Amino acid sequence: MRAKLVAANWKMNGSFSLLDKMLDVLRPNMGNTSCQVVICPPHVLLSSLNNAVEGTGIEVGAQNVHSELSGAFTGETSAILLKECGAQWCIVGHSERRMLFDESDEFIRSKTETLLNHGIRPILCVGESLEQRDSGTHEEVVVAQLRKGLSGLTAEDQSRCVVAYEPIWAIGTGKTATPEQANSMHTIIRKELESLASPEVAANIQILYGGSVNVENAESLLSQSEIDGALVGGASLKTDDFSQIVAAGL
Ligand code: PEP
């Protein structure tokens with residue numbers, strides 16, 4: 001049985017004070033939920049988050065990493081340093097990184113490998129554009145991103161990854177995939193994982209949905225058989241909303 005996982009992607013938002021407020025709201029409810037909770041703030045907040053979540057069960061995630069471990073990469077952060085800051089998770093392949101920072105599938109794959117080599121679990125994002133969905137190529141686009149993102153990894157390493165299906169047309173737009181659309185893509189992803197890794201590994205990998213998840217739609221999305229949680233952007237910046245989304249993952 002896969003546990004539900006709800007991850008907050010704060011993107012380039014948030015602050016030290018939001019961190020305090022968020023934890024004040026989440027902390028008292030952590031004993032009542034079986035849902036895994038991961039917060040991915042900007043890197044400069046990671047150490048504070050790590051100290052503040054001690055004993056709560058809330059987990060620490062980063063939003064980005066470089067594939068190399070050190071060197072002349074101004075502005076980048078290594079997996080070694082993320083680990084020192086307490087990161088247990090890291091988002092890779094987010095559509096904003098693919099589009100705004102031109103990240104290729106190959107670069108994303110090497111980041112995934114670096115994370116795994118340093119004990120950080122990747123949250124690998126895949127998802128199609130509106131154009132690709134309208135032209136009917138969405139399934140092959142997502143399967144190709146998945147294959148490239150996980151290529152060359154052992155089944156054991158693949159088993160430590162979480163996949164987030166995030167249709168680009170649903171991110172930050174207020175347009176959510178219907179629970180049926182999301183569930184159907186998750187089924188395709190799991191089927192592909194069966195051949196990439198093994199049926200056993202595929203059955204245990206958590207597949208999250210991301211794209212305008214909010215208080216109103218969380219329950220209907222999270223109750224789908226193949227939806228194992230959510231990657232939440234905008235709504236993860238609102239303490240009460242995020243706490244209610246976590247509660248929907250009970
Ligand atoms: C995201 O950026 O991962 C995301 C899902 O954003 P939003 O919830 O705002 O659509």
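In which hand does α5 pass α7? In the predicted model examined here, in which residues are numbered from 1 along each chain as its sequence is written, local features need pLDDT of at least 70 and side-chain atom pairs count only at pLDDT 80 or more, whereas totals for chains, interfaces and linings use all residues. Side-chain values use heavy atoms, with hydrogens and water left out.

The crossing of α5 with α7 is right-handed, a term applied when the near helix is turned clockwise from the far one by less than a right angle, anticlockwise being left-handed. Helices (H or I, at least four residues) and strands (E, at least two) are taken as DSSP runs, numbered from the N terminus. Helix α5 (residues 105-117) and helix α7 (residues 138-150) pack at an angle of about 45°, with their axes 7 Å apart, and α5 is therefore oblique to α7. Axes are lines fitted to C-alpha atoms, for helices over the stretch in contact, and angles run from 0 to 180 degrees between N-to-C directions; those under 35 degrees count as roughly parallel, over 145 as roughly antiparallel, 65 to 115 as roughly perpendicular and the rest as oblique. In this pairing, Asp105, Glu106, Arg109 and Thr112 of α5 meet Gln145, Lys148 and Gly149 of α7, contact being defined by heavy atoms within 4.5 Å. The residues of this contact comprise no nonpolar, 3 polar and 4 charged, where Ala, Val, Leu, Ile, Met, Phe, Trp, Tyr, Cys and Pro count as nonpolar, Asp, Glu, Lys and Arg as charged, and the others, Gly among them, as polar.

Helix α7 also packs with helix α9 (residues 179-196), at an angle of about 40° and with the axes 10 Å apart, so that α7 and α9 are likewise oblique to each other. The contact involves residues of α7 including Val142, Val143 and Leu146, and residues of α9 including Ile188, Ile189 and Leu193; its residues divide into 9 nonpolar, 1 polar and 3 charged.

Around the ligand there are 14 residues, of which Lys11, His94, Glu166, Gly172 and Ser212 come nearest, a residue being counted if one of its heavy atoms lies within 4 Å. Lys11, located in the loop between β1 (5-9) and α1 (16-26), has a positive phi of about 50° although it is not a glycine, and a polar side-chain atom of Lys11 lies 2.5 Å from an oxygen atom of the ligand. From the backbone, an N or O atom of Ser212 lies 2.7 Å from a ligand oxygen atom, and a polar atom of Gly234 is 2.8 Å from an oxygen atom of the ligand.

Terms used
A polar contact is a pair of N or O atoms within 3.5 Å; within protein, one must be able to donate a hydrogen and the other to accept it, and residues adjacent in sequence count only if both atoms are side-chain atoms.
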